[in-house]
Amino acid sequence: MAETAIELVNVSVTVNQAPLLKNVSASIPKGRITALIGPNGAGKTTLILAILGVIPHEGEIFFLRDGRREITRPRIGYVPQRLDFDRGLPLTVLDFLTLSSQRRPLWLGYQQAKKNRALEALREIGVEHLRGRQIGRLSGGELQRVMLALAISRDPEILLLDEPAAGVDVSGEVLFCEFMTRVQREGHLTMLIVSHDLSIVTGHAEHVICLNRTVQCQGGAPEVLTPENIMAVYGPHAGLYRHGQDTRPGASATCVHPLHYK
Amino acid sequence: MESLFATIYSLLDTALPFSWAASLFMKRAFLEIMLISPLCAIVGIQVVNYRMAFFSDAISHSAFTGIALGLLFGINPLLTMVIFGILVAMGIAKFKARSDLPMDTIIGVFFATTIALGIAIISARKGLTQVLSTFLFGDVLTITEAEITVTIVLFIVIFIFIALSYNRLLLSGINEPLACSQDIPVRIYNYIFAIILAVVVTVGIRTIGMLLITALLVVPPASARNVSRNARQMFWYSLIFAWVSGIAGLVISFYTDIATGASIILVASLCFLLTFIINLARR
């Protein structure tokens, strides 16, 4: 059993008397990719926000290092499902990335080291050419990739991704797939990913948590990703897609451009 | 303090050898505007970013009641105005945290209640009406050295705070969960910013008037947005537009007898119109 990075003990979230999460207890293994799956309205985003400390919750959320509960929170990279923001804001991609890493106010210019790190992260995700573009003028897919670059530019220990591939075009998907494969190979990063994309889940996740207000099932991907569970979460069509596929972690993680199948 | 002001006045005599700047009251007005307009601009950038224009309006109108309370109880109305403004800001923020009503609805309720309270006090004590016009339209030409000193202190404190937290405030305004993920204490920043906004708005009322103070917060950053491509330009253009509007407005009011607050905002609005056209032409 891998070391635990995040431990959730009886986490409940109630908003306006409506229970969004009820007694969620789960462990997220360190240095692995964990998929958080469940139907719409199951509370997946709520759980991510609770881990981030954005919404108040009951129960406990512990971050662990060397098996011990940490008082200080580790560095977290976060990619939201959809970034709601003021699209007219004059802020370039490079501004956006340095904004969160440097204390010197942006109107006094960039700190060289922070700027270099931001550029490096953009390069890593393949979006360095967007550095001078305004964030409000990016397409959905470009913005998701910039968000991913922002998340990794913080050199996070934990990466929380909420539907990171939503709105991403085909080349973006390939790039994202390659990124996941690299993270998996290096094994330093604990990743919790919410995804409706079955290929991401079956292709990369090593650990799976099925959520529907409370934890329905959790464990290693091969044990949890049974046809029954997938059917319950993704609906009857998913079964056809999966038919004959190997569900071992990483089994379908070959990042091929779909157009190459011709 | 007196010698400090004497030095400043003699410096201004050398730097501004114009007839409009000859009298002492114009020098004081010039000083106050040089301080309050950039202060409004740097706070205003975040007001635009956080979409808090209506919040700012509610604070400025609550000053009406703050002043009325001060006059009623024989306390310095400038002091009660600032304290009441802070209380209203905190009240709105607290209510927001405990209610799921939309922000503008909560502000609307506070807005109406404070204004009604102010009108109730003033209508019951007829003699108070005269003093209030000073605050409705502002009167920078009667500003005192003590008031300028308060603005200098505020300018230094707020400028340091904004310099230290500018990036974090900007990120919190862009997206709160994202800011939280980066360990930014968003709620604390929101409260501190609400207090700063309340202080700047109420102190600025002496110069611009409660009807127009929100405009000095919002219009220069809005003009800056029209022509800025990045965060750095946004900041400096806001500052420049605020200064240009402030000084040009003061000079125009000297030669035309228009209320200074109004002429400042008219110049700021003209800047907005020009930058808007420039922005359209660029597309």
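Helices and strands here are DSSP runs, a helix (H or I) having at least four residues and a strand (E) at least two, and they are numbered from the N terminus. The model shown is predicted.

**Figure 1. The loop at A:Arg213, between β9 and β10 of chain A.** Strand β9 covers residues 207-212 and strand β10 covers 214-220, with A:Arg213 in the loop between them. The phi angle of A:Arg213 is positive, about 70°, although this residue is not a glycine.

**Figure 2. A:Asn10 within strand β1 of chain A.** This strand comprises residues 4-15. A:Asn10 is not a glycine, yet its phi is positive, at about 50°. There are 14 C-beta neighbours inside 10 Å of A:Asn10, and the residue is therefore classed as partly exposed.

**Figure 3. The side of chain A that touches chain B.** Contacts between the two chains involve 29 residues of chain A and 26 residues of chain B. On chain A, helix α1 (44-52), strand β6 (76-79) and helix α2 (93-101) each contribute at least two residues to this side. Which element gives the largest share? That element is α2(A), with three residues. By residue class, the side of chain A that touches chain B holds 15 nonpolar, eight polar and six charged residues.

**Figure 4. Chain B, a chain of helices without strands.** Chain B has twelve helices and zero strands. Read from the N terminus, its elements accordingly run α-α-α-α-α-α-α-α-α-α-α-α. The radius of gyration of chain B is 19 Å, and the globule rule also gives 19 Å for 283 residues, so chain B is as compact as a globular protein of that length. The C-alpha trace of chain B spans about 55 × 55 × 35 Å along its principal axes.

**Figure 5. Burial and contacts inside chain B.** How much of chain B is buried? Of its 283 residues, 49% are buried. Among the contacts in chain B with a separation of 6 or more, 71% join residues 24 or more positions apart.

Note on methods: Residues are numbered from 1 along each chain as its sequence is written. Chains are lettered from A and ligands numbered from 1 in the order in which they are written. This is a predicted model: local features need pLDDT of at least 70, side-chain atom pairs count only at pLDDT 80 or more; totals for chains, interfaces and linings use all residues. Two residues are in contact if their C-beta atoms, placed from the backbone, lie within 7 Å. Ala, Val, Leu, Ile, Met, Phe, Trp, Tyr, Cys and Pro count as nonpolar, Asp, Glu, Lys and Arg as charged, and the others, Gly among them, as polar. The radius of gyration is taken over C-alpha atoms; the globule rule is 2.2 Å times the number of residues to the power 0.38. A residue is buried if 20 or more other C-beta atoms lie within 10 Å of its own, exposed if 12 or fewer, and partly exposed in between; C-beta atoms are placed from the backbone.
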